[in-house]
Amino acid sequence: MPASGVPAPQQQDARPAGQYRPGYELVAEQILELIVELRLQPGDRMPTENDLASRLGTSRTVVREAVKILSALGRVRAQKGRGLYVADGEGMLGSSRWGGFFLPTDLDHVYMLFEFRRVQEAAASRLAAGRATPAELRAIEAAVETCREGHVTGQRELFDRGDDDFHLSIAIASHNPFLVESVREARRLQRQSSTIGLHGTVGGHAEEAVTEHAAIYEAIRDGDPEAAAQAACAHLDNTLEDYRREIQRRVFG
């Protein structure tokens, strides 16, 4: 049971039986589950690599590769000569504490995260429509074009960078620093879900996302708060549907 006292939702695996997955990915998931089970908080010291290997019934080499993934995703911090720690968040909200209960392979957690993103990004878009400066509008427009270029040229990393810039630029244009930090953190958790939980395969609605981004930008540019909020909600709903389709494909083939 997590530290909140509320039982965690039942863990679900979106992959069909028999599908190959590298051992270090499975161990990365198990380490996240162990952090929750042990009620570890950001800054807490974790079991050593040897202890983790013993607990999880695997080799230290596999544990080391899993830790590299979790370090890159901001969930674990390795200090040379001192050991492993649950990563601290540097955001003003102490945001990494949200990751203390988030499991990127738990479908209930993924759906709740999208529910949260829908609320925060609708609010950010609504506020940006009334507060964005000319420079902030140019930043949002540039991010839209980066996504478009990434999609047209097939450069996934360019699309992803534009996607991050787009959502963060809107939050910045809301002139609410709490929204900026919450949008940044929610997107970090979503990347964990895509990387670990769905092996980075989500992204089938990139073409539609380009059009949806443009609609959000245009509503913000035109100073229409409600249209901006509605366009943001539609975009998040369609992105979640992209996750649902991938999950269905993995379960049923």
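**Group meeting: helix packing, a hairpin and a salt bridge**

Okay, let's start with a contact: Val27, Gln30, Ile31 and Leu34 in α1 touch Leu52, Arg55 and Leu56 in α2. Sorted by class, that α1 and α2 contact has 5 nonpolar, 1 polar and 1 charged residues. Before I go on, keep in mind that this is a predicted model.

So how do the axes of α1 and α2 cross? They cross at roughly 100° and come within 11 Å. With angles from 65 to 115 degrees counted as roughly perpendicular, α1 is therefore roughly perpendicular to α2.

Now stay with α1, which is residues 23-37, and turn to α3. Here the packing angle is about 70°, and the axes are 8 Å apart. That makes α1 roughly perpendicular to α3 as well. As for the hand, α1 goes past α3 in a right-handed crossing.

Which residues make that contact? From α1 we have Gly23, Tyr24, Glu25, Val27, Ala28, Ile31 and Leu32. From α3 we have Val62, Val63, Glu65, Ala66, Val67, Ile69 and Leu70. In class terms, the contact of α1 with α3 comes out as 11 nonpolar, 1 polar and 2 charged residues. If you have the structure open, click on Val27 and Ile31: both are on the α1 list for α3, and both are on the α1 list for α2.

Next, what links α2 and α3? A search over the whole structure turns up 14 salt bridges. One I'd like to show you joins the side chains of Glu49 and Arg60, at 3.0 Å from N to O. Glu49 sits in α2, residues 49-56, and Arg60 sits in α3, residues 60-72, so this pair ties together parts that are 11 residues apart in sequence.

Strand β1, residues 76-79, pairs with strand β2, residues 83-86, in the antiparallel sense, over 4 bridges. The hairpin has 3 residues between its strands, and Gly81 in the turn has a positive phi of about 80°.

Last stop: α5, residues 134-153, and α6, residues 156-173. These two pack at about 160°, with axes 7 Å apart. Anything over 145 counts as roughly antiparallel, and α5 and α6 are therefore roughly antiparallel to each other. The crossing of α5 past α6 is left-handed, whereas the α1 and α3 one was right-handed.

Which residues meet there? On the α5 side, Glu136, Ala139, Ile140, Ala143, Val144, Thr146, Cys147, Glu149, Gly150 and His151. On the α6 side, Leu158, Phe159, Gly162, Asp163, Asp165, Phe166, Ser169, Ile170, Ile172 and Ala173. By class, the contact between α5 and α6 holds 11 nonpolar, 5 polar and 4 charged residues.

To recap the geometry: α1 is roughly perpendicular to α2 and to α3, and α5 and α6 are roughly antiparallel. That's it from me.

Definitions and conventions
Residues are numbered from 1 along each chain as its sequence is written. Side-chain values use heavy atoms; hydrogens and water are left out. Axes are lines fitted to C-alpha atoms, for helices over the stretch in contact, and angles run from 0 to 180 degrees between N-to-C directions. Angles under 35 degrees count as roughly parallel, over 145 as roughly antiparallel, 65 to 115 as roughly perpendicular and the rest as oblique. A crossing is left-handed if the near helix is turned anticlockwise from the far one by less than a right angle, and right-handed if clockwise. Contact means heavy atoms within 4.5 Å. Ala, Val, Leu, Ile, Met, Phe, Trp, Tyr, Cys and Pro count as nonpolar, Asp, Glu, Lys and Arg as charged, and the others, Gly among them, as polar. Two strands pair if DSSP finds at least two bridges between them. A salt bridge is a side-chain nitrogen of Lys or Arg within 4 Å of a carboxyl oxygen of Asp or Glu.
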